[in-house]
Amino acid sequence: MHLQQSPLHLLKRLRISYRVLHCGQSYSHNSSGGIAQTARRDEIAKFKERFDFPKATHTIWQLYRDTTFQTRLQQGAAPKVVLHGWIDSRPRKVSRTRAFANLRDAQFLYRTAEQIQNEKHQASDEDVATIQLFEDLTARSADINYPGVALLRRMKQETCVCVEGRVCRAKGNIPWRLEIVVDRITILNNAQDLVSQLRGATDWDQKYRYLQLRSFRLQRALAMRSKVATLIRNVFEGHGFTEVETPLLFRSTPEGAREFLVPSRTEAGKMYALPQSPQQYKQLLMASGVHRYYQFAKCFRDEDLRKDRQPEFTQVDLEMSFVKASDVQDIVESILVRLWKEIKGVELRHPFKRLRYIEAMSRYGIDKPDLRSNMEIYDLSEFATSTANPDYPVFEILVFHPENSNFPAVVSAPDGSPTLRTPLSHRIRLSNEEPSKWLNRCVAKFDLKLVSDLETTAREIMKKFDIRDGDVVYSCTRQQMPFENPTPLGRQRLQIMQETMNFSEKDLAPLWVIEFPLFTPTETGRVVNGYVEFDYSRLVATHHPFTMPSIDSLPAVLDAAEDESSLVDARTIFGQHYDIVVNGVEVGGGSTRIHDSSLQRFVLSRILQVPGIRMHVKAGEMEPDNPFTHLLNALTMACPPHAGLALGFDRLCAMLNGSDSIRDVIAFPKTQTGADPLVGSPSRVTDEQLGVYHVQLKK
């Protein structure tokens, strides 16, 4: 690739060869004499201009949006301005002396939906992100062939410039369009040819993320993210919250996901862990007497990535003492209502709908249902029971009513994985088949035990659920308390919505999913005849190990605590856990916490079987291997009842921005391998560097 010589390099040349125009004649001069010295001074002066340039008087935004400035233009004035920015489009030469280009400046002011509606400008924000530059050299005294003159026509796309000129109305059919008649233009930094080549790229190399960020779309996304953060802070401040930063160098604790570890230089063999969330620190703040806490917390999880996951992410973290779940939910609702009103111009009706976990799973087949469609899954237990697998006895159907006869009878399986069960589908054709044919297929596939004969049962089901000719019936089985999440019909429902339904930005269905199972059985890794096998004797926390059992479940938990031989049934114990869901996206989750030390110890030691924690500890007795000693001790010191929640800030911003991926609202996201090609991370380090931290790589 051809590299341009920098002005600094040119200044170092001892002998300079210049071509100049003088008195209408052309000369070649190659000496250290007077002409070379004059040219050298010119080069130095141009170089200094890159650092000593006039201050901008306006931004493009102000030229278009400032009412005072607009009034002056209407009165016939042509104000002089100074603008800073980049050449947005390749200059267009219309004659030997005239050229046009567009300038894009660096300031982007995000306007809320309410501001846009109130101002009622003809031009959109994207329309006024650039302004036209017009250069007319007939009004200049400088010779256009002299190489020292900075001409618009010679500039490359994305050249960084300072423009001085006069503002006037642009000619044409667009009455609000402005242009700058250029008096002087100074190059602050040149752009390589690669920059203009990348401008038209659709698949950007992450090495040039800083160039991609110059686009209007991503500039707007970052400005929107900043505005969302400001609005959230305003809500918290209005409710008496205190913003507290918690440490990033934490300790390793068994909370679920893999951790990022940081070796200690001063204590050989010991490691810090970057926090998966500030969960334990914020509970310690409640024990510290901080009544209402929040922060925009950086969190780290070493997980397999996808479009809505990053190894490092931001969450809006909050915790409140002496409250119940409804108090936390009220705060979160006020945040979401304000965000959607100001950012999107949409009023969210509140209080939000509430669905118990078992309702969400049985009616929609997933614990984060998208309620923009009223299509539901029907439990047919009153008509039939599956005996194919005793853990999956519930027979259920999903009925889809195609709007036209050309719709395909079979919607493809949502996932080709062999471990995911695919529903049985059947298009009802009453003109050429028996009404009971679809049910007969189900009896064979799921080994159904009907409460009545085949024809009677089929007729009663079709009448109750309004199954008509041309409808598609999807059928499958599930567990009584579903831990397979989503269920086969839940996946099918999502695919039908994605393929056949269109929604506008104003179609919003926020809800709370509540009363989750407190514990989840672990998967054995075995799939028997397509059914995922669970081990109900080995449990993990559904949310996290600090979630309080529901009031109705407390007796069963306490009974298990007193009887060491009894087992906790994950299907009957529920927690005070709540998720906030918007249009099928889990925006955040929280819970009421356990603030009793003995109950917390029982959950950690007996149920979750965390190593290093004993059920009974004498006063003053040490547990050197207990990863939660700090929290258990704090709970014994009159820690108040408390509850909280964390909102996924990146995901929330992506929704408000209308993006499918959180990468659009993160300045420098990682790739799907967790790498950052821009800075080359992760990077290799030397054995000497590792040795300082007492770490040695396996050969």
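1. The accessible surface of the protein is about 36400 Å², computed by the Shrake-Rupley method with a 1.4 Å probe. Carbon and sulfur atoms hold 49% of that surface. This is a predicted model: local features need pLDDT of at least 70, side-chain atom pairs count only at pLDDT 80 or more, and totals for chains, interfaces and linings use all residues. Residues are numbered from 1 along each chain as its sequence is written, and side-chain values use heavy atoms, with hydrogens and water left out.

2. The protein has 699 residues, and 46% of them count as buried (under 20% relative accessible area, with a 1.4 Å probe and protein chains only).

3. There are 19 helices and 26 strands. Both are DSSP runs, numbered from the N terminus: helices are H or I with at least four residues, strands are E with at least two.

4. Thr592 lies in strand 25, residues 585-592. Thr592 is buried, at 11% relative accessible area. Beyond its neighbours within four places in sequence, its contacts include Ala325, Phe546, Tyr578 and His642 (contact means heavy atoms within 4.5 Å).

5. Helix 15 (residues 554-562) packs against helix 16 (residues 597-607). The angle is about 70° and the axes are 11 Å apart; axes are lines fitted to C-alpha atoms over the stretch in contact, and angles run from 0 to 180 degrees between N-to-C directions. Helix 15 is therefore roughly perpendicular to helix 16 (65 to 115 degrees).

6. Leu554, Val557, Ala560 and Ala561 of helix 15 make this contact with Leu599, Phe602 and Arg606 of helix 16.

Key: Buried < 20%, exposed > 50% of the residue type's maximum accessible area, 1.4 Å probe, protein only. Parallel < 35°, antiparallel > 145°, perpendicular 65-115°, else oblique.
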